[in-house]
Amino acid sequence: MEIIFNNKTRKDVDSYKNKFLSLFDKTLKHLKLKNNYIMSVTIVSKNRIHELNNTFRGIDRPTDVISFAFLDDKNEIINNSKIIDLGEIYICYDICLKNAKKYGNSFDREFCFLFIHGLLHLLGYDHQTKEQEEVMFKLQDEILPPKEN
C-alpha cells in the first residue's frame with residue numbers, strides 16, 4: 001500500500017500523507033481488501049481543479065475533489081494479487097477550507113472526508129443513483145464517523 005503525495009500549493013499539508021495512509025489502510029480493511037494498492041493524491045489550487053473539472057467532466061467551475069480511477073471493474077480491484085494502481089485523487093485546498101467553514105467541520109475532518117470520498121470512487125463506488133449514494137455515503141460514515149455536535 002502506497003500513496004504518492006503531491007502538494008502543488010504553498011499550504012502546509014504534507015503531514016497529511018501519513019494520515020491519508022492510515023485512512024487508506026482503514027478503508028481497505030473495512031472493505032476486506034488486501035493492501036496491494038498504490039494511488040496518488042495531489043493537492044491543488046482552485047484554478048487547477050477548475051481546469052481539471054472543465055477539461056475532464058465538462059463542468060466549468062471548481063470543485064472540491066476529483067478522482068480518476070484507472071480500473072472500471074470492481075472485480076479487477078478485488079480479485080487481483082498484483083500491485084494495482086487505483087488512480088489519482090485531486091483535492092482542492094481552497095474549496096476544502098471553504099467547505100469546512102460552510103459545514104461546520106474542522107479543516108482536518110473535511111480534508112480527510114474528501115480523501116475518503118475520492119478513494120471510494122477509485123475503488124468503484126459512485127453516487128449517480130439513490131441506491132449507489134446510500135451505499136457510498138454509509139461507507140464514508142463508517143470509515144470517518146460524522147462529526148459530533
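# Close-up views of a predicted model

View 1. Asn53 sits in helix α2, which covers residues 46–57; helices here are DSSP runs of H or I with at least four residues, strands are runs of E with at least two, and both are numbered from the N terminus. This is a predicted model, in which local features need pLDDT of at least 70 and side-chain atom pairs count only at pLDDT 80 or more, while totals for chains, interfaces and linings use all residues. Residues are numbered from 1 along each chain as its sequence is written, and side-chain values use heavy atoms, with hydrogens and water left out. Asn53 counts as buried because its relative accessibility is 1%; buried means under 20% relative accessible area, exposed means over 50%, and partly exposed is in between, using a 1.4 Å probe and protein chains only. The Asn53 side chain makes a polar contact of 2.8 Å with the side chain of Arg57. For a polar contact, read a pair of N or O atoms within 3.5 Å; within protein, one must be able to donate a hydrogen and the other to accept it, and residues adjacent in sequence count only if both atoms are side-chain atoms. Setting aside neighbours within four places in sequence, Asn53 is in contact with Gly58, Ile59, Arg61, Pro62, Thr63 and Ile66, where contact means heavy atoms within 4.5 Å.

**View 2. The sheet, strand by strand.** Here 4 strands make an open sheet with mixed pairing, in the order β1-β2-β4-β3; two strands pair if DSSP finds at least two bridges between them. The edges belong to β1 and β3 (65–69), each with a single partner strand, so one side of each has no neighbour in the sheet. Strands β1 and β2 run parallel and are joined by 6 bridges, and Asn6 has Thr42 in β2 as its bridge partner. Strands β2 and β4 also run parallel, joined by 8 bridges, with Val44 opposite Cys92 in β4. Strands β3 and β4 run antiparallel, with 5 bridges between them; the bridge partner of Ala69 in β4 is Gly87.

**View 3. Strand β4 and Leu86.** Of the 9 residues of β4, 7 are buried, so this strand is largely enclosed by the rest of the structure. Leu86 belongs to β4 and is buried, with a relative accessible area of 0%. Its C-alpha atom is separated by 20 Å from that of Gln132, 46 residues apart along the chain. Helix α4 lies across β2 and β4, running at about 65° to β4; axes are lines fitted to C-alpha atoms, for helices over the stretch in contact, and angles run from 0 to 180 degrees between N-to-C directions.

**View 4. Inside the largest nonpolar core.** Which of the 37 residues in this core touch the most other members? They are Phe20, Met39, Val41, Ile91 and Phe115. A nonpolar core is a set of buried Ala, Val, Leu, Ile, Met, Phe, Trp, Tyr and Cys residues joined through side-chain atoms within 4.5 Å. Elements giving two or more residues to this core include β1 (2–7), β2 (37–44) and α6 (130–143), and α5 gives the largest share, 9 residues. Apart from this core lies another, of 8 residues, among them Ile49, Leu52, Tyr90 and Ile95.

**View 5. Helix α1 and its cover.** Buried residues of α1 are Tyr16, Phe20, Leu23, Phe24, Asp25, Thr27 and Leu28, and their cover includes β1, β2, β4, α5 and α6. After α1 comes Lys32, with a positive phi near 60°.

**View 6. His117 in helix α5.** His117 lies in α5 and is buried at 11% relative accessible area. Its side chain and that of His127 are joined by a polar contact of 3.3 Å. Not counting residues up to four places away in sequence, His117 touches Val65, His127, Met136, Phe137 and Gln140.

**View 7. Ser45, in the loop between β2 and α2**. Ser45 counts as partly exposed, at 29% relative accessibility. Residues up to four places away in sequence aside, Ser45 touches Thr9, Cys92 and Asp94. The C-alpha atoms of Ser45 and Tyr90 are separated by 9.7 Å, and the two residues are 45 residues apart along the chain.
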